Structures are given as C-alpha cells and as structure tokens.
Amino acid sequence: MDLLGKLGGELVGVLGTLWTIFPFLVGYVLVILGTLAIWRGVRRFLRPKHDFGSLKTVTFGDESSVTSNTAASVISIALIFLAWGAFTGSRLLPGFLHVPGPFVGQTEFTYAIKTPDGTTADATVTVLVYPAGAPADDPAVEAGTGIARNDSVAIQEYRSSLLRAQDNDQVTKDDGAEIVGVDGKAIAPGDSVRLGWGRVALTPKGTLNIEPSKGWQMEPIWLPAPEAVWARFIEISKEGYRNSTLAEHLGYSLFRVIVGFVLGAIIGIPLGYAMGLSDWFRGWFDPIVEFMRPVPPLALIPLVIIWAGIGETGKIILLFLAALWIMAIGARSGVSGVRISKVHAAYSLGASKWQIMRHVIIPNSLPEIFTAARVAMGVCWGTVVAAELVAAEKGAGMMIMVASKFQSTDIVLMGIILIGLIGFGIDLLMRWAERVLVPWKGKG
Amino acid sequence: MTGLTIDHLSMRFDLPNGQAVQALKDVSLDLKAGELMSVLGPSGCGKTTLLNIVAGFLAPTDGKVILNGKTVRGPGAERGMVFQQGALFEWMSVRENVGFGPSMKGMNKAKKKEIVDHLLDVVGLRDFKEKAVYELSGGMQQRVALARCLANDPDVILMDEPLGALDALTREKMQGLVLKLWKETGKTIILITHSVEEALLLGERLVVMAPRPGRIHREYNLPFAEMGVNKDLREVKKHPDFAKTREEILSMIWDMEEEIMGRTEKA
C-alpha cells in the first residue's frame, strides 16, 4: 500500500508537469490547423488537378485517399528548425524571428535606505550584463556623496548576482540602516521589484538579489543553436573526439551492428527453419525462444558485461542475441506460412523434399525473413547505442554519453541527429533491398 | 493394366473431442484411361478428401487407390493436380512455373523450352512468358496452372475446383479450354466442382456424392462433354436433356442439403 501511495504521488507530479505543457500542445495543433487553412487557400489558386484522388467526394473514412501531403511534411520540418533557431537566437535567422533574448548591456537602478534616526537616502547601482563569451569587470562608478553610496556589479547573461549594496554606505546595516525602496517602489525583506530589464529582490537578510531578464531564449547549455551544432559537426569530423575520428565512432557502431546482425541471421534463420520443419526442434526451442523474445536486449547488458567485458566481443554477443530471436521467429513464421497447396503442387509435380525446400519453402519464407531483418536491424541499432552509453571506448553512444558528462550539448545533439539519420538510412536500405530481392512480397 | 481404380475407400478422422467424422465410406470407382469424370456434391461430402487420397496427400483408413497396377502410397508426378488458386509459385515467372516439373526431373534445357513454349501456345499465354504470375488475371493464372500440370505429362489430372474463383465469362472460356486439352492430350481427368452446370458440361461421367458419411449417391454417363468438344458450350446447354439432367441433379442436391439442415436442427 505504501508503494501504491508513492506511485500515486509520482503520477500526480508527472501529470502536473504534463499539464504545463498542455497549452503548448494546443498551440501546436492550432499552428497545424492554421497552416492547413492557408494551404487550402493557396491551392485554390494553383492549377486544379483532376486525378482520381482529387475527384473523390467521399474522403473522410477512405483510407486510400489519405496520402502523405508533401507540403505538410516540408512545413513541419521547416517549423522545427524555425523554432530551434528562434529559441536559440540562431544567426541563420533574421533577428525579428528571434524570441526575446536575455538582457545584455548596462543599466541602473536606485535603492533607498532608512537609518535608525529616520533619515532616508538614495544611491544608484550600475548593472553591467555581459555576454557569456566576454567577461567584464564591475564598471567603475563615482561613489558619490551622502549617506548612501553608489555601487556597481557585472553579471553574466542568464545569471543573477547578490549585491551587498549597503556595505559602502555611511550608515551600514550593522548600524541599523535598512533598504526600504528600489527605484522608487517600497520593498521589504523577501519582496521583489520588477524593472524593465529584470527583477531586483531583497533577501530576508537585506541583500539585493539582481536578476537581469533571461528572455525566452534557451541557454546553449540546454539547447545550442543549429549553426553551433553544425560547426561542432565540422570540427569533430575534422579533428575527432576523445582520440577517435567521427568516422571511427560511427564506423565502430555500424560494425558491431552488422557483425551482430549477420551472426544472428546465420544462426537464427536455420534455427527458424528447423523449428518450422520439425516438431522435435520446435518443441526443443519453443520454450527458449518464447522466453528470450520478451527479454529486452538492454536487460542483458549487465550480464554480457560480467561475462564478456566491455570489449567488442561483449557488444557483438549482445547484438547477436538481439537479432537471433527476431530472425528465428521470422524464419519460423515464413516456413509455417507456406500455403499447403503450393507444397502439394510441388510434390505432385515430382519434386523431392530437398527440391521443395530449395524451390518452395525458402523463396516463400524470404518476405517474412526480410521483414524480420528490418525489425532486427532497427533493434540492433538501438541496442548498440544503448550498450555504448553504458560502456565503450568508441562508438556513437559513447560519444554522446561522454559529451553529456562535459555538458557539451552541441555534441549530444549532433550525435542524436547522426544516430537518427543512420537508423533511418538502414531502414531505407532494407526496404530497397526488399523491393529488389523479394518483389513478390504480399502478392501470393 | 491401365486406368485408375478406387477400391472400397474409407476415411475416418478422429477429432480431439473423442468423436470421429466419417468423411468417406466405401467409395469405389473405376476410371479407364482417358476418361473425364466430374464429381459433384454438397459441401462436406468428402469430394476434396477423395481427391487428396487419390493425389496421395492423405492415406485412407481403409481401401486403396491403384493407378496402372500400382497402389498409390504418396504424391507422385504421374498424378498432376490443379488447385483452385494460390498454388502457383509467385517467385517464378510464368515460364519457370510451367517448366517446374521438367526442371525437377532434370530435363535438358532445350527439351524443356520446347515443352514450355508449346504449352504456353496451347493455353494462349505465349506473350506472357516472362511475366510474374501475380501480374496476371485470375483466369490467366489458372491457364498457367493447367500448363504447369500438363508440362509434367501426368497420367491422371486431378482438378480441385480449378475454375471456382473465376468470373462467369472467364469460367465459360476456361471450360472450353479444359475440354480441348482433355481431347488433345487424352488424359484421365477427375474434376471436382460445386457447379452443377460445369459438372454436366465437363463430365463424361458424373458422380454425385452424398454427405455424412461421404459416399457415392448416383452416377451418370453423359454425352455433353463429347458434344462440347466440337460445339459451342452455349449450344450444348440448350440441349433438352441438359436442362432435364440439371434439374434432376439440382433437386437431388437440394434434398441432401435439406436433410442435413433437418438433422442439425434435431441435434
């Protein structure tokens, strides 16, 4: 019951966070619908088409009339990059497209103190907010005359600073003076005053906390600008990262996937055939395969590390295991899926068992095997990255894991994009191979 | 001794729930070489079981099938089979499908090509030689299936509703083709069908089977197949005897169906 309570608490927390995202989701949907309306308007002015699809009057509920709209895809991708650039202050975008950035530059505000005998006095604080790349000293200011003396502070963008403004005053805090106003507005300890360029708060102990506005843009440590990621990509592909070139990192990951997958297929396909053709083999391996299939390959990482270490052998064993069961099950269902009339036809045409295997069962199972291979390659690619996150000396996963420890978000992003592109490329390649090698898929 | 003898064939399937189904009971038939026999009956009468036993895909629980003096013990190239659909190899071209039997025998290429080309001419698919079978229409696919079966030069051709999945017009054309091939090749043919008309048109002999247990109900010797060889099939259908026999058989099958329904309702 205790656990349930805890989980309930977690759920409330998660839902609370999600709720804050909700307005953004609604906004995004509105953007999608808005562009749709605009696109409809634009299309009216283009030359109208009279193909079969455009002449349909019933399209809602007709799945065949829903083909992917290229314009929507282009806008969708463009919008992602636009948002990325706008929220990072990318130089690739004209300035007016940027969301407000952090305050940078020099400004000032006054604070008022009240001494124990009731006199009040003002002083000016000069605030210099400098960009992250160009540190600056506190600007020099005249201390001025009077009970309260002027102060200055330099703050890096996105940061805040505490200022003990009273320390240089004639009557200090120790003497009983206290700050009672900021820029003409009354302030008490714990309160804050919002100014045009940021916020000034008075801590309970009487120190000023100066927070220049952070704007809407993301700090590079959270999200670097697209050009920064690109520059990092160029840099790393030239100079490498952690003693290995980029090609080596990606090449090692691909090498592991391909070797693991090929080994898995070499063992898995005959295993699947044996399971599809012999009751003894099916009985023997069914419990093993049915148990191993739902075990996520990632769960095997600790065991593989214990048994085989973090070298290539361990990774390839892991990927072999990831591919093995998928290929075995694919080959098995490919064999079981052969229409009995095809086998009967082949027998009554005089084929021997071996000829039936060679000319009927194997070609008939190829489409299923290709489907399994596509799934297995995807799973292997995901598994290798995860395995490299845990422990590796080279590899795409290792690269982004190390980069995240050094807070090099640009490398992490670059790595994620490359991993995604390679995974997508693998899938395209498998689909192409399928089209070329098994054109009869789904035509039986 | 040539010809096909089906000798007191019985077939019983034991069901997992302990009951048994008598699919065939004491079925005996004699076919002379070159005879064309059609088999008709309501669903569940054991037509396909009978054909599968003759083809050697099933072993009967009793009785035997003798072809040219030899008892059938399994499938063999001397008994070719044409299925309703889906038995072509879609990973092979039309030519490779038709040449499958000769290839399995290891026939030399020149001779195989001669046979394949000849048969594709006969079934009218000369121009579709290199096409994939899934690119052909249903009727064309059945022509390929017929040609593939003939390429092996079997003694007996077993047809399991070969035209069942075709549209009416194609079906009529194919019926003509089947008669033509029968006459030209002189093969013994057993043809299973659901269509009374088709059974009459194509059956030199016609066997009507009855269900539960599957048995031979009635046998006819018919003149229509012979007529159809040199005549338009539509002319044959206008023959007064044709209509009469059709009505007779239809009501026979109708009665069987009613009987089954009645029995099921009581049970």
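Select chain A and locate the open sheet of 4 strands, which run in the order E4-E9-E8-E7 with antiparallel pairing. Strands are DSSP runs (E, at least two residues) and helices likewise (H or I, at least four), numbered from the N terminus; two strands pair if DSSP finds at least two bridges between them. Strand E4 (161-163) and strand E7 (192-195) of chain A stand at the edges with a single partner strand each, so one side of each has no neighbour in the sheet. On average, neighbouring strands of this sheet are turned by 20° against each other, direction ignored.

The model is predicted: local features need pLDDT of at least 70 and side-chain atom pairs count only at pLDDT 80 or more, while totals for chains, interfaces and linings use all residues. Residues are numbered from 1 along each chain as its sequence is written, and chains are lettered from A and ligands numbered from 1 in the order in which they are written.

Next, select residues 198-202 and 208-212 of chain A, strands E8 and E9, which pair in the antiparallel sense over 5 bridges. A:Ala201 has A:Asn209 of E9(A) as its bridge partner.

Move on to helix H4 (residues 246-277) and helix H5 (residues 279-292) of chain A, whose axes come within 6 Å and cross at roughly 120°. Axes are lines fitted to C-alpha atoms, for helices over the stretch in contact, and angles run from 0 to 180 degrees between N-to-C directions. H4(A) is therefore oblique to H5(A), oblique being what remains after under 35 degrees (roughly parallel), over 145 (roughly antiparallel) and 65 to 115 (roughly perpendicular). To see the contact, select A:Leu271, A:Ala274 and A:Met275 of H4(A) with A:Phe281, A:Arg282 and A:Phe285 of H5(A). Residues are in contact if their C-beta atoms, placed from the backbone, lie within 7 Å.

Now show both chains: 20 residues of chain B are in contact with 16 residues of chain A. On the chain B side, strand E6 (79-82) and helix H3 (100-105) each supply at least two residues, and H3(B) gives the most, with 4 residues.

Finally, colour chain B by domain: domain 1 (4-78 + 154-266) and domain 2 (82-153), with bounds from an automatic or database domain assignment. Their centres, taken over C-alpha atoms, are separated by 25 Å. The contact takes 16 residues from domain 1 of chain B and 15 residues from domain 2 of chain B. On the domain 1 side, H6(B) provides the largest share, 5 residues.

How values were computed:
Two residues are in contact if their C-beta atoms, placed from the backbone, lie within 7 Å.
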